Protein chains: 2
Amino acid sequence: MLGAVLHKAGDIRCEQVDDPKILKPTDAIIKLSASCICGSDLWPYRGLQPLGEPTHMGHEYCGVVVEVGSEVRTIRPGQFVVGSFCLSDNTCPHCRYGFQSSCVQREFMLGAQAPYARVPLADGTLVATEEMPSDDLVPHMLAVSDVLGTGWYAADAAQVKPGSTVVVVGDGAVGLMGVLAAREMGAGRIIAMSRHETRQKLAREFGATDIVSERAEEGVRRILDMTDGVGADSVLECVGTMESMDQALAVSRPGGTIGYVGVPHDVSFEGQRLFFGQRRMLGGPAPVRRFLPDLMDRVLKGLIQPGKVFDLELPLAQVAEGYKAMDERRAVKVMLRV
Amino acid sequence: MLGAVLHKAGDIRCEQVDDPKILKPTDAIIKLSASCICGSDLWPYRGLQPLGEPTHMGHEYCGVVVEVGSEVRTIRPGQFVVGSFCLSDNTCPHCRYGFQSSCVQREFMLGAQAPYARVPLADGTLVATEEMPSDDLVPHMLAVSDVLGTGWYAADAAQVKPGSTVVVVGDGAVGLMGVLAAREMGAGRIIAMSRHETRQKLAREFGATDIVSERAEEGVRRILDMTDGVGADSVLECVGTMESMDQALAVSRPGGTIGYVGVPHDVSFEGQRLFFGQRRMLGGPAPVRRFLPDLMDRVLKGLIQPGKVFDLELPLAQVAEGYKAMDERRAVKVMLRV
């Protein structure tokens, strides 16, 4: 089959790869209904994260099960499934505490920018629907797999509550999903930090009540002005740079909470600053598995349309253009027809 | 009057100081029932924290109000009061959220190692009892002012819940109070890390169910063994060094929470480590004011005896011996008769 392979920074190709096979008795093979490109795929694409050998990319997926290993019990061929980008057994203590992204058997999904993919730990990772969802729901289901799940975790980790004042740092796809999550959790005010008109529009559509287009000190000043000098109850940090983390720390109030889901690159925290700032912090790879049943249910009921975050759709053959469009911020998030 | 003045590292003297006076209409003057030496006093005493000019030390206090400024409304002469080491108006937004230690008018108490002291922001800072407590309650009331309040905050920030598995890093007075707090909050298992027999005994008295005397990697291994490889739900970091913070990070489980109350000295956190570790963290100077009414009530009802943490009592004139005893870890915490 054809799959998207990153050879080196800037060099992503749609080329022949091996068909996925059951390698362990707990694996499943799925036929993807669609695939997509993640903001985190851009780190190695931009050369900001080391890449060893050529890598078959893609970790967001939904589709139909075509084969399962001999030990798979709850998932069966023919089912429509969504899984997390973090593969987990969903039975270990960390999973039972709701932190499946720290599962003792954790692996990260790979090779989902392709028509078929192998999903390890199928019973623990995949959640099946009762019926086959209609085609128009596929983008929304696909979004649940990572981008919505991650934005949701940012809001959950940031302890968004009904009536909360929320700031979302980062207007990428995850930040926009953080806006949607905050709205669903009943936030009273959702301030999206965004300089780009198309993203501002999307943010408003997903539930932002205010937009701050300034950055750095000026952005901080504006948000403090808007909150009577207090700062936000909850801040969703959805970028992963020192600059965005500084922003998040500066706009939250003492006792407020920062949920950070952008993989930190060259980020460090000075102890006394965190101490005297008194910000509660929780981050990490999102335990999407915890949220999957609820989020899939919301999609099936038509309560949320996270798939609106895909603003460019391309065939897998044009994956290079997809990466380029996201790298140049011409597209928020690219869906791939596989 | 006489007061304890730190001239330079290692040089603390009981000497003549000015009597405290009402400087602002929101001040009160109290006659201290007793004073004490804090673990944090040892940082400048050990030369590990810069000290400008000679400083009148002491920030833990309880006693009887002798005078109030013209704008003080709720506190009056003759009342027995306890206050926090953080002075706060208790009306600003941060105070109302329960983070009085980040009050917009925050000051830190000074000069309480003396028979009399000035307490700024008296209405916001001080909590009065209805009646004059008996003398035997004074050590317990004094402990509430900082050491218990700080240990309590560590447990609160670490989200100790009924049945939780808790690790306390640090067997100083604050750590021991953290043990007591965790017990009061219903923790199922309280593992105190302590190498010193007398402190181990106190820890058990305050509620520790297990003692781990190993440190560093070996200490981590033991705690992971004791928790079936999972780690603790809540960790109270009560020291403030990189070593103790490493310990706290290593023995908590993903999704677990670290409450850190030791002022960090040369501590920094690498972003990806915090991210992939998925530890929830909250630290800072304790908002003792939030807990004062509850903790004073527990003392008055005889439910807790935090004053047992004082294992050496000296007259103020011997303050130098008190600092020395704590510095050499011959004493856990020194009470000063004033």
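Q: How many residues of domain 1 of chain A are in contact with domain 2 of chain A?
A: In this predicted model, chain A is divided into domain 1 (2-148 + 286-337) and domain 2 (157-283), and the C-alpha centres of these two domains lie 26 Å apart. Contact here requires C-beta atoms, placed from the backbone, within 7 Å. On that criterion, domain 2 of chain A contributes 13 residues, and the number from domain 1 of chain A is 13.

Q: How many residues of the side of domain 1 of chain A that touches domain 2 of chain A are nonpolar?
A: The residues on this side of domain 1 of chain A include 2 polar and 2 charged ones. The remaining group is the nonpolar one, with a count of 9.

Q: Which element gives the most to the side of chain B that touches chain A?
A: Between the chains, 27 residues of chain B are in contact with 27 residues of chain A. Elements of chain B that each supply at least two residues to this side include helix H2 (93-96), strand S15 (252-260) and helix H9 (271-277). With 5 residues, the element that gives the most is H9(B).

Q: Which residue is the bridge partner of A:Glu270 in S16(B)?
A: Strand S16 (residues 268-270) of chain A pairs with S16(B) in the antiparallel sense, over 3 bridges. Within S16(B), the partner of A:Glu270 is B:Ser268.

Notes
Residues are numbered from 1 along each chain as its sequence is written. Chains are lettered from A and ligands numbered from 1 in the order in which they are written. This is a predicted model: local features need pLDDT of at least 70, side-chain atom pairs count only at pLDDT 80 or more; totals for chains, interfaces and linings use all residues. Two residues are in contact if their C-beta atoms, placed from the backbone, lie within 7 Å. Helices (H or I, at least four residues) and strands (E, at least two) are DSSP runs, numbered from the N terminus. Two strands pair if DSSP finds at least two bridges between them. Domain bounds come from an automatic or database domain assignment. Ala, Val, Leu, Ile, Met, Phe, Trp, Tyr, Cys and Pro count as nonpolar, Asp, Glu, Lys and Arg as charged, and the others, Gly among them, as polar.
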